[in-house]
There are 2 protein chains.
Amino acid sequence: MDGDRFETRPTNPMNSTNSTNSTNPTNSMNSTKVSVQGLARFVTACFTSLGVSEEDARITADVLIEADRRGIASHGVARLKRYTDGIATGVILPETRYKVLRETANTLLVTGGNGLGQPVSHRAMRSVIDKAKEKDVALAAVRDSNHYGIAGYYAMMALTDGLIGLSASNAFPLVVPTFSKDALLGTNPIAVAAPTSGAMPFVLDMATSTVTRGKLEEYNRHGMPIPPVWGTDAHGSPTTDAAAVLKDVVARRGGGLLPLGGAGEETGGHKGFGLAMLVEILTGILSGGAFGPHVYGRPNAPANVCHFFAAIRIEAFIPLDEFTAALAAFVELLHGSEKAKGYDRSYVHGEKEFQRAKEQQEHVQIADKVVSEIERIGKGLGVTADF
Amino acid sequence: MDGDRFETRPTNPMNSTNSTNSTNPTNSMNSTKVSVQGLARFVTACFTSLGVSEEDARITADVLIEADRRGIASHGVARLKRYTDGIATGVILPETRYKVLRETANTLLVTGGNGLGQPVSHRAMRSVIDKAKEKDVALAAVRDSNHYGIAGYYAMMALTDGLIGLSASNAFPLVVPTFSKDALLGTNPIAVAAPTSGAMPFVLDMATSTVTRGKLEEYNRHGMPIPPVWGTDAHGSPTTDAAAVLKDVVARRGGGLLPLGGAGEETGGHKGFGLAMLVEILTGILSGGAFGPHVYGRPNAPANVCHFFAAIRIEAFIPLDEFTAALAAFVELLHGSEKAKGYDRSYVHGEKEFQRAKEQQEHVQIADKVVSEIERIGKGLGVTADF
């Protein structure tokens, strides 16, 4: 066990992309500093013990731990149980039966064979990158997959090759369309990464709902009221009661998370709804897979999550150094801009996560209760938690 | 003059995409039923009288009138003055010096030569469609252009060829980045069109700000307070005073429209900001053109608006009829879904506009003051308003 394990300090789990506002609940949860290498070895071993290949297990561990490194704890090793349970119940097959169903010079249709979303997506994005390097732009639609972790991971894979990377996925139906009562859409994230000549790349990684379920869970844990643009009750009316939203949406009694923009059209909720639809079209519809309420449509059956990946070769348009310099100049301009009253700085997309990941190169802060949980999972699988 | 000219009836100019909420100001503005053919002839003649070629004038007229047909009056012939003024002041060149700067099998870099945005965009999208039909996916980045009208027009051009169409543009800086004081981004629309086997296609056409300037102008005209997620005052603080936002942003004293999601991060404003950045990256940065505050950066100089166009051949992935049937089934499912309390129907994207355009095939309702204005413009150019 790494000595750092015992250097416990309080952290704020709200400290991710969505969370620099001042109304966040105070968080006194303790956490533990864990070796990235040790944690990766442990998570990989958990997956291989379930029949996942060494390579696929390593990719999955890397995607999960990268989320923790970037401060997106909701998508990190805290999710390990969902994946190991998925394999145990047969929703996720341990062996990745990745298969290209149709291929052209610029496109790829893939079935993930109900394997882990991470290795399926990693392989599809790798192919998209290779094709885009040759042919300037490439797209992949993937069906029969599972939750793939942070969308930004795959978009960022394109950065080192002078490409713009894009990734999107449909997801468990938690989001209510404008004027509807029931959750019929996923939180359907979109991620786009673009290189800059500055300190960090541009990485937009956003759910198309106002917030994710994890955010409601945090507020619920602290008994805090939620803003009325986050969720609706069982009648489909905006509510400030996080517990009610979570209870009703899981029991499929109605209500759920609201699209970016909130309820109705006055505050732009139909636009968030439209972006979620766009993701469904590029993932579930274009791949011939599951969409909307059909994703995770039956309990203990394949989830049929679908993804979309794209890459654009910048030099098909302008020299790479001109692109990266212009984007860095834009970021500088935004950083140097006058701030709104009450604020002394602003951020560009991916900036907070980039800083956090830089601080957490070799060690990552994990909530104590997550450490206990994954230790317990390891024990059940005969894997020692030696991180 | 068409006899229908005198069949005046009141219409509600708020009756476009953003506006089925109940808090809209009542509008008593009168309007006139005008022949589409006559109006097209008139607008075309206005442009040719200024030195625009017959073909380019016809395209520009078609894009403007299509907006009116679809009920998006803010982007219709009400804008004629901005274009004719643009040509008169030399901001827009009448001759379209469209030039392909770089081309591959799948991509296109274009300069619009500071011509009218509509013929430049029409030509670029046409090339993208031709390439996508051959090579499954194609992209164009366009620089040195001007306002191109409704983004959805170009996305919809792809529909008849079994393609998904996409269009985006940067624009006059009216939108404030999260935590910033000044407007440094355009309303940067994104449009995506996808075919269905149902009655109408899916057409998402949205500004990445919560609302457009036209919406604030409407509320201002009626002395109505605006929701606090629409705009900020000169200090960068959310306000309900439409007049103040409009006055300060135009005088560049600070404040402006808010990104989709509103101010700060709690309600998701950083996501709307991110989408606006994504548009700047695909348009101004990727084309080597102007971005953010540099668009319309100097008075009476070229606006340097930039666009992005894309098309995806559906059959590179799955048979077209499977795609259109699945998307139609999804739309049916949404239409048939239980509604939120207080609502009896819901809409998918492009539905209201499709209905309105169907009602306005041959005649289109134009506000009386717009009719007077364009008649006045025609008179100045020696063009008779015989619509």
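**Two copies, one shared surface**

Of the interface residues of chain A, 100% are also interface residues in chain B, so the two copies meet through the same surface. Keep in mind, as we walk through it, that this is a predicted model.

Let's begin with how the copies are arranged. Chain A can be superposed on chain B by a rotation of 180° with 0.0 Å of shift along its axis, at an RMSD of 0.0 Å. The two copies are thus related as by a two-fold rotation axis.

Now to the interface itself. Here 73 residues of chain A are in contact with 74 residues of chain B. On the chain A side, the elements that contribute two or more residues are the strands β4 (107-111), β5 (137-145), β7 (190-194) and β8 (202-206), together with the helices α8 (269-285) and α9 (320-336).

Next, follow the strands into their sheet. In chain A, 7 strands form an open sheet with mixed pairing, in the order β3-β4-β5-β11-β6-β7-β8. At the edges stand β3 (99-103) and β8 of chain A, each with a single partner strand, so one side of each is left without a neighbour in the sheet. From one strand to the next, the twist averages 15°.

For a closer look at one pairing, take β6 (residues 163-169) of chain A, which pairs with β7(A) in the antiparallel sense over 4 bridges. Within this pair, Ala168(A) has Ile190(A) of β7(A) as its bridge partner.

Technical notes. Residues numbered from 1 in each chain as written. Chains lettered and ligands numbered in written order. Predicted model: local features only at pLDDT ≥ 70, side-chain atom pairs only at ≥ 80, totals over all residues. Contact = placed C-beta atoms within 7 Å. Least-squares fit on C-alpha atoms with pLDDT ≥ 70 in both. Pairing = 2+ DSSP bridges. Axes fitted to C-alpha atoms, helices over the stretch in contact; angles between N-to-C directions.
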